[in-house]
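Dear colleague,

Please find the structure below, handed over for your reference.

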Amino acid sequence: MKRILVTGGCGFIGSNFIRLQLSEYPEIEITNLDKLTYAGNLENLKEFEGHTGYQFVKGDITDPELVHSLLDSVSFDAVINFAAESHVDRSILDSGPFIQTNIVGTQVLLDAARKHDVNRYVQVSTDEVYGSLGPEGLFTEQTPIAPNSPYSASKAAADLLVRSYVNTFGFPAIITRCSNNYGPYQFPEKLIPLFISNAREDKSLPVYGEGTNVRDWIHVMDHCRGIDAALRKGEPGQVYNFGGHAEMQNIEITKLLLKLLDKPESLIEYVTDRPGHDLRYAIDCSKAESELGWKVETDFQTGLKETIDWYLDNPEWVNRIRTGKYREYYEQQYGNR
Ligand code: NAD
């Protein structure tokens with residue numbers, strides 16, 4: 001596993017994954033293909049500019065010419081696809097880019113990787129493809145796919161394409177499905193960085209519905225270690241779930257954030273629920289634990305405190321990102337709060 005093509009490496013999870021690879025494997029050579037959408041930020045990896053094991057290519061995974069020529073020029077041992085439109089609320093406003101990047105982009109990558117006999121392909125997917133749980137039970141890798149948002153439907157479609165390439169062509173692909181990530185470098189439209197940034201400025205924290213939706217939170221580095229384990233030890237054709245063993249209602253996490261930030265609960269503002277909002281996600285990751293030797297290493301409270309500190313210590317990163325496109329979207333979604 002020497003030469004790896006990472007797509008979407010300027011986003012939240014991809015940039016943390018590249019940081020992990022370059023720090024753990026001195027011989028590794030990473031090419032990062034990223035379109036730099038509103039969510040892609042070169043600053044996330046600026047410490048690696050000029051690093052001999054790191055190359056950035058600006059480009060779109062839906063562009064077959066570009067992707068094929070990249071795979072012609074370098075003999076990659078593996079392709080890991082993080083590139084995606086990743087925000088559920090944006091998919092409700094306009095699903096078009098989700099279909100293009102998440103589905104068509106995956107097909108372009110699969111075709112190019114297959115043509116170039118790449119040894120391993122990892123599709124980074126989400127627990128949201130399984131749909132919603134009631135108060136009991138966990139998603140396993142056998143849970144039927146039943147997505148409820150345009151985002152999760154586009155991710156599920158990509159997973160099914162990957163599955164079809166495994167079964168039709170014997171293509172050596174692996175799918176990973178993970179629960180909600182938190183940690184440094186997450187775009188502040190997602191719940192945890194949004195609420196930290198708003199609370200810091202004494203702005204209201206918009207909580208959907210009654211805040212009773214449950215998510216399982218995992219530190220991004222635990223997820224990245226899981227993807228690394230799937231890449232190096234996973235069996236082609238298999239699906240591996242990753243989760244953080246940290247289920248929480250949105251309102252519980254909101255109150256915890258306010259407590260850790262020493263801000264009043266009066267900042268909470270209940271807003272109209274997201275249409276089709278999944279009630280609960282919870283993951284059974286025993287397969288990854290037993291077959292990949294992976295386990296969660298970050299205790300949720302500790303990870304959350306460190307994450308808060310990272311956002312408080314990096315106000316320039318947050319402020320630069322919160323201008324331009326992010327502001328337009330934020331105002332459309334939440335008005336002038
Ligand atoms: P992100 O939105 O932070 O980053 C996505 C990256 O992909 C950005 O750098 C963006 O510029 C790039 N990109 C978008 N369209 C592209 C295109 N057409 N061509 C090339 N690059 C493109 O997303 P994230 O939170 O880091 O998520 C990464 C992956 O992990 C996604 O596939 C997502 O579905 C999956 N995932 C995310 C979570 C989570 O909690 N964030 C959980 C499970 C799975």
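An oxygen atom of the ligand is 3.4 Å from a polar backbone atom of V124, which is a polar contact (a pair of N or O atoms within 3.5 Å; within protein, one must be able to donate a hydrogen and the other to accept it, and residues adjacent in sequence count only if both atoms are side-chain atoms). Taken alone, the ligand exposes 840 Å², of which the protein buries 97%; accessible areas come from the Shrake-Rupley method with a 1.4 Å probe, and for residues only the protein chains shown count as cover.

Please note that this is a predicted model, in which local features need pLDDT of at least 70 and side-chain atom pairs count only at pLDDT 80 or more, while totals for chains, interfaces and linings use all residues. Residues are numbered from 1 along each chain as its sequence is written, and side-chain values use heavy atoms, with hydrogens and water left out.

In total, 28 residues surround the ligand, the closest being I13, D34, S86, Y151 and K155; a residue is counted if one of its heavy atoms lies within 4 Å of the ligand. The elements giving two or more residues to this shell are α1 (12–24), β5 (120–126), α5 (150–169) and β7 (180–182). Helices (H or I, at least four residues) and strands (E, at least two) are DSSP runs, numbered from the N terminus. Strand β5 provides the largest share, three residues.

The loop between β5 and α5 holds V129. This residue is buried, with a relative accessible area of 0%, where buried means under 20%, exposed over 50%, and partly exposed in between (1.4 Å probe, protein chains only). Beyond its neighbours within four places in sequence, V129 is in contact with residues including I145, P147, K155 and R177; contact means heavy atoms within 4.5 Å.

Helix α6 (residues 191–200) is largely enclosed by the rest of the structure, because eight of its 10 residues are buried. After α6 comes D202, with a positive phi near 55°.

Strand β8 (residues 205–208) is covered on both faces, with L205 and V207 buried on one side and P206 and Y208 on the other. Four bridges join β8 to the parallel strand β12 (residues 268–271); two strands pair if DSSP finds at least two bridges between them. Within this pairing, L205 stands opposite I268.

Yours sincerely
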